[in-house]
Amino acid sequence: MTRAFLVVMDSLGIGGAPDAHRFFNAGRPDTGANTVAHIAQACARGQAEEGRSGPLHLPVLDGLGLGAAVRLASGEEAPGLGGASEGLWGAATEASAGKDTPSGHWELAGLPVPWEWTHFPDTVPAFPDDLVAEVCRLAGTEGILGNCHASGTEILARLGAEHLRTGWPICYTSADSVFQIAAHEEAFGLDRLLALCEALAPRLHAIRVGRVIARPFLGDPGGGFTRTGNRRDYAMAPPAPVLTNWVQQAGGRVIGLGKIGDIFSMSGIDALRKGTDAELMAHLGDCVDGAPEGSLTFANFVEFDSLWGHRRNVSGYARALEWFDGALGRLLPRLREGDLLLLTADHGNDPTWTGTDHTRERVPVLCAGVGKGSLGCVAFADVAASVAAHLGVPAQGPGRSFL
C-alpha cells in the first residue's frame, strides 16, 4: 500500500503559458508574467528586503526541481534557483479557459472545466439590478455597497465606515468568476453573513458564477479594518467525479486541508482541516505521520495568493516561500517508503505584474518519493492521473500518468 500527498502552493506560477496573451490584468496581457522568476529576480536586485534579505533561498524546492521547472516552462532564469535536481520535476499547462481557483483545482483533480465561467463586467455598477435586489431581499437591507471590481483590502478601507453606518453588505467581484460579500462580524453578524452567502449561492451557480465568498472582517474607522479567518467559499460542485471521488470510491480515505473542502464542495472528502498556512503545515505534518495507507491528503496553501500575490507584495511572497521551504525540509524526512508528495500550483499571481488579479502561467510539478529526472511539459489533468496510478486507483479523467 502507498499514500499520496497533493500540495497546491496557491498561485506559484512559473511563466510560459502559451495562451497568456488571452488573459489580462488592468488591460495588460499576461504575456511574460512569471511569479517565481520575477520574485527571484527582484530578490537578486535587492528589491525584496522587507522581513528578509538577499537572493531568494529555496534549497529544498530547488532540490526538487523548481528552478529547472521555471527554465523548462518559460526559458527564464530564477536567480538562486540553479542547483541539481534530486526530485522528479516538470511543468504543467492548463487547458481550462480560466486562471481561477476552481478551474485550476478541478483540472488538477482530473476534470478540465467543461464550460466558460460567467464573469461580471468591470463597470460600475458591475451587477444586474435583479441580482442586487435579491441580495437586498436576503440581507433585509435597502441597498448594497460596492457593486464593482475591487481588491478586498482596498474596498474595506474605502467602504468599511459606510458599511457600519448603513448596515449594507459590501458586494464586489474580480477577474475571477466570483461574487464576494464583505460584512463586519459583530455589527452585521457572522452567522447572518454566512446565511446570506449560502442562500444566494444557488442562484449564482445556476448562471455559472463559480463561487460566492463570505468575507467577514473586524475593526473600526479609527483603527482600520482587517479580514478575519472566518472566510467561507460557496463553490459549485464539480459536475463529474474527480480525484477525491476516485480515491473514496476505491475505499481510500481523503483528507482535505485548507480551501479544498470549499473548492470541491466536500465532494469525495472524508475529513477537513482549516487554518492559517502555518497551521496547515502542522496539519500536513500530522497527516504525514498518521494518515492511513491508501489515503490521499489534498492541501491548499492559500496565503501566497491571498496575502502576497493579489497585494503585489514581492517581499511578503518571497518571505512566505522561504518559510515554506524550511518547513518542507523538515517534513520530507518523515515520509514513509512508498509515499508520494507532489507539489504544484493552480495558476500564477505575479506580484510584480500590473493589476491585482491572477496571472495565466504554467505551474511546477515537483515529486518527492518516486525517483528523479525531468517529466517535461505535462497537462494539469495528468496530475490526477498520476496520483491515482500511484494509489492503484482507476482514473476516470482525460489525464495520463507520468509515473
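This is a predicted model: local features need pLDDT of at least 70, side-chain atom pairs count only at pLDDT 80 or more; totals for chains, interfaces and linings use all residues.
Residues are numbered from 1 along each chain as its sequence is written, and side-chain values use heavy atoms, with hydrogens and water left out.

**Where the two domains meet**

- In contact (heavy atoms within 4.5 Å) are 13 residues of domain 1 and 10 residues of domain 2.
- The two domains bury about 940 Å² between them, with 47% of it on carbon and sulfur atoms. Buried area is the accessible area (1.4 Å probe) that two parts lose on being put together, summed over both.
- On the domain 1 side, Asp262, Arg311 and Asp357 lose the most area to domain 2. Together they make up 39% of what that side buries.

- The rule finds one salt bridge between domain 1 and domain 2. A salt bridge is a side-chain nitrogen of Lys or Arg within 4 Å of a carboxyl oxygen of Asp or Glu.
- Asp262 and Arg232 form a salt bridge through their side chains (3.5 Å, N to O).
- The side of domain 1 that touches domain 2 takes two or more residues from each of α4 (101–108) and α9 (260–263). Helices (H or I, at least four residues) and strands (E, at least two) are DSSP runs, numbered from the N terminus.
- That side has two nonpolar, four polar and seven charged residues. Ala, Val, Leu, Ile, Met, Phe, Trp, Tyr, Cys and Pro count as nonpolar, Asp, Glu, Lys and Arg as charged, and the others, Gly among them, as polar.

**Salt bridges in the whole model**

- The count comes to 21 salt bridges.
- One of them joins the side chains of Asp19 and Arg360 (2.8 Å, N to O).
- Asp19 is in the loop between β1 (4–9) and β2 (24–25), and Arg360 is in the loop between β14 (340–344) and β15 (363–368), so this pair ties together parts that are 341 residues apart in sequence.

**What the UniProt record says**

- An unreviewed UniProt entry lists residues 3–394 as "domain: Metalloenzyme". UniProt positions are given in the numbering used here, feature names are shortened, and annotations may be inferred rather than shown by experiment.
- The end C-alpha atoms of residues 3–394 lie 15 Å apart, and the span is 36% helix and 21% strand.
- The unreviewed entry also places a "binding site" at Asp10, Asp346 and His347. These residues are spread over 338 residues of sequence, yet they cluster in space, with a largest C-alpha distance of 7.2 Å.
- Asp10 sits in the loop between β1 and β2.
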